[in-house]
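Hello,

Here is the structure I promised to pass on to you.

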Amino acid sequence: MSSKALEVDALQSWYGESHILHGLRFSVADGEVVTLLGRNGAGRSTILKTILGLTSKRAGSIKVYGTETIDMATYQIARLGIGFCPEERGIFSSLTTEENLLLPPKIASGGMGLDEIYEMFPNLYERRNSPGTRLSGGEQQMLAMARILRTGARLLLLDEITEGLAPVIVQKLGEVVSKLRDKGFTIILVEQNFRFAAQLADRHYVVEGGLIVEVVERAELGTKAQLLNGYLGV
Amino acid sequence: MEETILKTIGLGKSFLGFSAVTDVNLSVSRGSIHALIGPNGAGKTTCFNLLTKFLEPTQGQILFNGIDVTHERPAQIARRGVVRSFQISAVFPHLTVLENVRIALQRELNTEFFFWKSGASLNALNGRALELLHEVGLESFANELAANLAYGRKRALEIATTLAMEPELMLLDEPTQGMGHEDVERVTDLIQRVAKGRTILMVEHNMKVVSSIADRITVLQRGAILVEGNYQEVSNNPLVVEAYMGSHGGDSL
Amino acid sequence: ADQPPLKIGFITDMSGLYADIDGQGGLEAIKMAVADFGGTVLGRKIEIVSADHQNKADIAASKTREWIDQNGVNVIIGGTNSGTALATAKVAAEKKRIYINNGAGTSALTNEQCSPYTIHYTYDTIAMANGSAKGLLDKGYKNWFFLTADYAFGYALEKDASNVVLANGGKVLGDVKHPLNASDFSSYLLQAQSSKAQVLGLANAGGDTINSVKAANEFGITKTMKLAGLLVFISDVHAIGIKNAQGLLATTAWYWDQNDQTRKFAGRFMEKMKRMPGMVQAGDYSSTMTYLNAVKAAGTDDSDKVMEQLRKTKINDMFTKNGYIRKDGTMVHDMYLYEVKSPAEVKSPWDYYKLVSSLSGEKAFAIPPDSKCALLNK
Amino acid sequence: MEIFGLSTSALLSQLLLGLVNGSFYAVLSLGLAIIFGLLNVINFSHGAMFMLGAIVTWMAGQYFEINYWAMLLLAPFIVGLLGIVIERLFLRRLYQLDHLYGLLLTFGLTLFIEGVLRSIYGASGLAYSTPELLSGATDLGFMVLPNYRAWAVFSSLTVCFVTWYVIEKTSIGSYLRAGTENPKLVQAFGVNFPLMTTLTYGFGVALAAFSGVLAAPIIQISPLMGSNLIITVFAVVVIGGMGSIMGSILTGLGLGLVEGLTKVFYPQASSTVVFAIMVIVLLFRPAGLFGREK
Amino acid sequence: MKLAKPIILLASIGIAIALPHFFYPIFLMKILCFALFAAAFNLLLGYTGLLSFGHAAFFGGAGYCAGYFMRDMGVGPAIGITIAVLFAAALGALIGGLAIRRQGIYFSMITLALAQMFYFVCVQVPASGGEDGFQGIPRGDLFGLINLQNDLNLYYLVLCLTVAGFLFIKRIISSPFGQILKAIKENEPRAISLGYNVNRFKFLVFILSAALAGLAGSTQALVLGFETLTDAHWTMSGLVILMTLVGGVGTMLGPFLGALVIVLLEHRVGEIGSFLSQVTGVAWFNSLGESVTIVTGLIFVFCVMAFRRGLVGLFIKQK
Ligand SMILES: Nc1ncnc2c1ncn2[C@@H]1O[C@H](COP(=O)(O)OP(=O)(O)OP(=O)(O)O)[C@@H](O)[C@H]1O
Ligand SMILES: Nc1ncnc2c1ncn2[C@@H]1O[C@H](COP(=O)(O)OP(=O)(O)OP(=O)(O)O)[C@@H](O)[C@H]1O
Ligand SMILES: CC(C)C[C@H](N)C(=O)O
Ligand SMILES: [Mg+2]
Ligand SMILES: [Mg+2]
């Protein structure tokens, strides 16, 4: 096993005719937490989707735990141990909350138990029998996050998980993510909420126009604050 | 004119035995920006749905300008001047930005059923529509299809359309959700600007926005009102801190 | 030699429900007739144009109109389906062109909608009803129950048959109407059975007849009642299968195994089409011949003159003996009542029928007492 | 005893016959409901697949002397394979689009398949006889029920139940339901959804073919035998609640009964009654009898 | 460039006037009637987002109604068609009134079901002539002035009616009313929240569409001289959907092209086949005539797979 959870090189990606990613290179070691920062439309969500092969076309190289995946089908990539929490949440209206939670198949051992998850998100326990899309916006967000914790995936791609959540929940989610990091999960976070990201990440990538324009290590946060401000307007 | 523009008495809604909103007595005073906050699933969106009659209340009464509107249809409520935005942005994607706004303006002409009338008669509305677009900074996009706008601009368009209805009361559901910092600031400014002469009731999780513009805040929890007050009062209330704001005082940004 | 060709237009169901009764086989029969005639008449080449009306009256009528207006077609031969036939007849009459129908059942063609240019050649509902009902009544089957398809054609069959039954001292114990193209007949059959009638008259056609006979066997109704198909084609018997069809009574104008002439025609047809011809296809052949003979005899293709010639000629060929065209357009000829053989009696493929009785043309095509056809009184 | 001028035994026998037909509707509408509910495709070719089941059975008997019992399994398999080919070649490319396109495509395929078979076998039909083992009838006292019809009900209901169980009670079912809404996401969870959809379509179509085999000995086998059925079966699915598996089964059976009664009291209307029911049901229960409102 | 439009317009008018001298007028009229029918249908599907699966009821119903008044009541074509259009509108109010309360596929199904019930009435009522069809509708003359027995005269009348129908539809679409229809199609909840009672709009547009379909149906009955059950059957509802889709949904030209292609197919496959076999020398094409359904089927499959935007998509470039 490689010590790299993810290695991306010369990555390009398209939606139909529009060329979104123009050759990215970055890598994430096993057990690291990194964030992708940037403005609306910079292409951060697209990076996550491209890793899973969800865009219409992609080129370059993506190695997941050492396996080249550029020519693999989405479901095969996922089975290498990736858990994905999409931006639009993707809750299924024809399934109940609990069915939504149980939906993603286990792809490796070591996932969390249902009890553990309900303890973490009591709202979900309360609403477990109602149809997934009848949940409030925030509850759906929790559900989207919770359901990938069960699967045993070790590499988590989390897209704007704090969006629409009450501050207390955001805080709690921060705790969850650090706990996951402690357990050795590898996490890629896409965030608008810089404060949230800053506490958690080992490294930040700034994305603009489909390229990585800056890398900021945790230690450099103080020195590069000005720079980040310029890119993100924080 | 009454001081209170909107008042609910014992408003409640339950879904198959689960009560999402219980006994809410809300009063919104004219001319204010009133924020509705609370934990996820507290019933904020449901309240909005009840106020605009997208949902039928199981209990209680809704008074708008002192008139009981509990049993009116959604379109009637809108005609009274209560207009909402949606949690997920709602525009007419294949109409141009200008047409989007015109749809809302068109009602005042009272020609909406005139299928024999020329479409050119609507050009009379262009001036006003452009004015509104100017207000939200979109006039240069007037002939663009709404579908091609960036997210933050779609929200701005939605607000412009809502304004076109000359609403007395605007209901905004998480207007800044999913926006980058610049957009958040732009929309916050926008809300403040359009609030002049109107009343705004908004749901928002971004405490920066709430603290900077809300005159009054109602905190919902589990479908019921927990406390009410200005930002200072609410953010220092231990119940609110525990249920909603968390130890960072909600200022996670 | 610069004479324009004489054109025969053939329009029928080529692709739908009734395509086996007429369709490609009918076209082949007409081609055989033209070839047998020598390919030319009055020094003109004989041409055939054909079309599929898809059982849609509008297509039938507009095609006919177009053929006459634009292509100079001299005679229209039309196939199955009453609706299309009535619409075509109307156009032909308006344009004064001869229209010969083989395959449509409706007697309206020679009754309320009769025209001096329409010839109804092979059979009509009256002849079918007479054939079946008379034959059975003579054998002592007096009590009838009808299973009737719920449309004009089914009603006509039932009405014509029950008139005959009543006129000959029989009784109609009841009827049940089923929607067109029903797939399950068990319910109707049980209703029929409980009437305790001796004969079950099937006033339907095609798939409906086939399915009724199949179900009647399954429910053992054939043991207690005699099944009389008021309009059964040999292709239907083929589809039902001899095991289920045995004992079924069927009236027909023509059967391939009647005599040497019919067998010879059938053999030639079989070679081309890989199936035996039915009465409609035989009628196509015969009517084409008859028409061409009349053109030759009249020395012109003028519709009125040819019609006159047709009316005064007796038809004697492999299709019928001493047939003639009555004033209302009916071609009057003998009809035959057959019974379907039992599997043991069948000696060769398509050897399905044994003769029960025959009925003279006058009796079979009796003019209805209340006929509204004005031509009859001229 | 008499009810509406009909003896109890007559009424019972009519109801039983209704149930027989109902079980055909149940299997057919089940297949349609699965395909609609899980793939979002309005499978207009369902009637053609039903017909193919019957014709393949006839062909196997005619040309290869394979008997009914073998075909009961083989015909659905063969037609299912055809379904798989159709899904791979055509339908696959239409999932992202409006329902209409799936409908239009399957409508076109139906015309094509029916047209080709009609030009080979004609329209009047092919004969197929009841298997020896099931010929004969049983006297139930109030009526004589052909053994074959009893078998048809029994086997249909068994197939329906098993299918329902798999879809509603196993995880395969929940993948399918979720995949209807958001196929990409389900794949992102590591499920080979394209394969599942292909197999599901194949299975739905195989159900239709199974029903076709069952029908072969009792109704006329002809290239057009399915074309009148499809619209009724479609109505059944709508009344049951689009996509509801149990709904389509129960409604199928129920419709058989209602139709049976109509055949006694107002036979002409027996093929229209389903639409009257549909209007009434939809006006009062917008999502069908067993459907969930969105 | 400014001149292009009027030139195209003038050319089309010229062609339309000259056409019956080159092609068979009745056939042309049939295409016109179906084009109008498809355009009426498209007003609902393409511009309001409502898929009616019951439009045959209006088309066929109006045909019967016009036939009945013209043949059995002896009224002239102008009055006959007017009554038939009113009848279709009333039927539209009935069916639409019930159907618009439901959405999506359920809306389509209610329209289908009600149309099937109407079909049942057509089958049962003796006046319709059942399967034999309602035969012998007289063409009469227009206002006692223009003799419609003459195919050319009738052609110009039908042309005028169709063009008027198209212009009317165009007007509806661009009218203030049409704007709201578009808004409903795009985002119904938003239209409601802007204070529009969407059901009223749907109701009105449904009636307009039914009335126009009725105009097409009654005109066709006048042209052909009879009316049959085919026109009221659900397959006719299916056919009009196909025409619209094949031509291009939500465009003015689409329904016209779709009708042209489908009517051509129905009537001309045989000839197209023999033409092809002459050109290519492949004898198989000759047998095309017997296989209308096979060819039609293939064309639909082809359209769905390759020309999803309809024929119009071939002319208008991608956005
Ligand atoms: N499905 C799609 N089809 C076409 N273009 C798309 C699609 N999704 C995203 N884009 C475009 O790709 C670009 C990058 O989008 P992406 O969603 O990756 O941005 P992001 O950085 O995640 O921003 P956001 O804050 O809005 O989520 C944007 O210009 C967007 O308009
Ligand atoms: N249609 C419905 N059926 C059943 N339960 C519902 C329905 N709509 C909302 N709920 C439930 O009611 C509660 C309140 O939901 P609501 O959407 O009003 O929350 P909210 O305060 O807007 O939360 P958020 O901030 O997360 O958007 C939630 O627990 C939700 O699951
Ligand atoms: C059985 C068919 C050839 C007759 C057809 N039903 C008719 O109407 O004439
Ligand atoms: Mg994003
Ligand atoms: Mg909410």
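**Where chain D meets chain A**

Between chain D and chain A, three residue pairs are in polar contact, with both residues at pLDDT 80 or more (N or O atoms within 3.5 Å, one able to donate a hydrogen and the other to accept it; residues adjacent in sequence count only if both atoms are side-chain atoms). On chain D, the elements giving two or more residues to this side are helix 6 (171-181) and helix 7 (183-188) (helices are DSSP runs of H or I, at least four residues). That side of chain D has seven nonpolar, five polar and six charged residues, with Gly counted as polar and Tyr as nonpolar.

A word on the model: it is predicted, with local features needing pLDDT of at least 70 and side-chain atom pairs pLDDT 80 or more, while totals for chains, interfaces and linings use all residues. Residues are numbered from 1 along each chain as written, chains are lettered from A and ligands numbered from 1 in written order, and side-chain values use heavy atoms, without hydrogens and water.

**Around ligand 3**

Ligand 3 is surrounded by 14 residues, C:Thr80 and C:Ala205 being among the closest (a heavy atom within 4 Å). A polar side-chain atom of C:Ser82 lies 2.7 Å from an oxygen atom of the ligand. The shell has nine nonpolar, five polar and no charged residues.

Best wishes
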